[in-house]
Amino acid sequence: MAEIVELRNKPELKIILSTDGFEIIDISEPKNTGEYTFEEIKNVELTAERTDKLITTLSWILAFFTGGGTTGENYKNRANLKLGMVNQNLKIWLVDADFQKAERIAHILTEKKPTHNNTYN
């Protein structure tokens, strides 16, 4: 029986887990949408949203020297889930998504990926 994990409602982002693989429904990035087997997974990387300190610092310095009455901005790197697959790489943006569910999905996919992919090298 398949398990549906809804990471975001609008735009829709779902991952459906089955016995042999998973399906991604990603309305914001249609190229990610598709059905995949666990055997295709080479690596799984989950990145949380975080402030880009270098760009933020440069923004504040520039704002200070230009003195336009504005302050610098805080720049953030968006949360994402990267799936290295045998034939492609997927990057699923997790904007307004449930990050705890994404952590769970990343854990499940990491556990399900084959320990070696020598067949594809």
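## Basis of the description

The model is predicted, and local features need pLDDT of at least 70, side-chain atom pairs count only at pLDDT 80 or more, and totals for chains, interfaces and linings use all residues. Residues are numbered from 1 along each chain as its sequence is written, and side-chain values use heavy atoms, with hydrogens and water left out.

## Overall architecture

The protein chain has two helices and nine strands; helices (H or I, at least four residues) and strands (E, at least two) are DSSP runs, numbered from the N terminus. Read from the N terminus, the order of elements is β-β-β-β-β-β-α-β-β-β-α.

Of the 121 residues in the protein chain, 33% are buried, where buried means under 20% relative accessible area, exposed over 50%, and partly exposed in between (1.4 Å probe, protein chains only). Among contacts (heavy atoms within 4.5 Å) between residues at least 6 apart in sequence, 53% join residues at least 24 apart. The chain exposes about 8100 Å², of which carbon and sulfur atoms supply 51%; accessible areas come from the Shrake-Rupley method with a 1.4 Å probe, and for residues only the protein chains shown count as cover.

## The sheet S5-S8-S9

An open sheet is formed by three strands in the order S5-S8-S9, with antiparallel pairing; two strands pair if DSSP finds at least two bridges between them. Strands S5 (41-47) and S9 (89-93) are at the edges and have a single partner strand each, so one side of each is left without a neighbour in the sheet. Neighbouring strands are turned by 10° against each other on average, direction ignored; axes are lines fitted to C-alpha atoms, for helices over the stretch in contact, and angles run from 0 to 180 degrees between N-to-C directions.

S5 pairs with S8 (residues 80-85) over six bridges. Isoleucine 41 stands opposite methionine 85 in S8, and asparagine 43 has glycine 84 as its bridge partner there. Five bridges join S8 to S9, with asparagine 80 opposite tryptophan 93 in S9, and a hairpin links these two strands through three residues. Five of the six residues of S8 are buried. Helix H2 (residues 99-112) packs on the sheet, touching S5 and S8, and its direction makes about 155° with that of S5.

## A nonpolar surface patch

Leu54, Leu58, Ile61 and Phe65 form a nonpolar surface patch with about 450 Å² of accessible area together. Patches are made of residues with over 30% relative accessible area and no salt bridge, with like charges joined within 9 Å and nonpolar side chains (Val, Leu, Ile, Met, Phe, Trp, Tyr) within 5 Å; a salt bridge is a side-chain nitrogen of Lys or Arg within 4 Å of a carboxyl oxygen of Asp or Glu. Leucine 58 is found in helix H1 (residues 53-66) and is partly exposed, with a relative accessible area of 48%.
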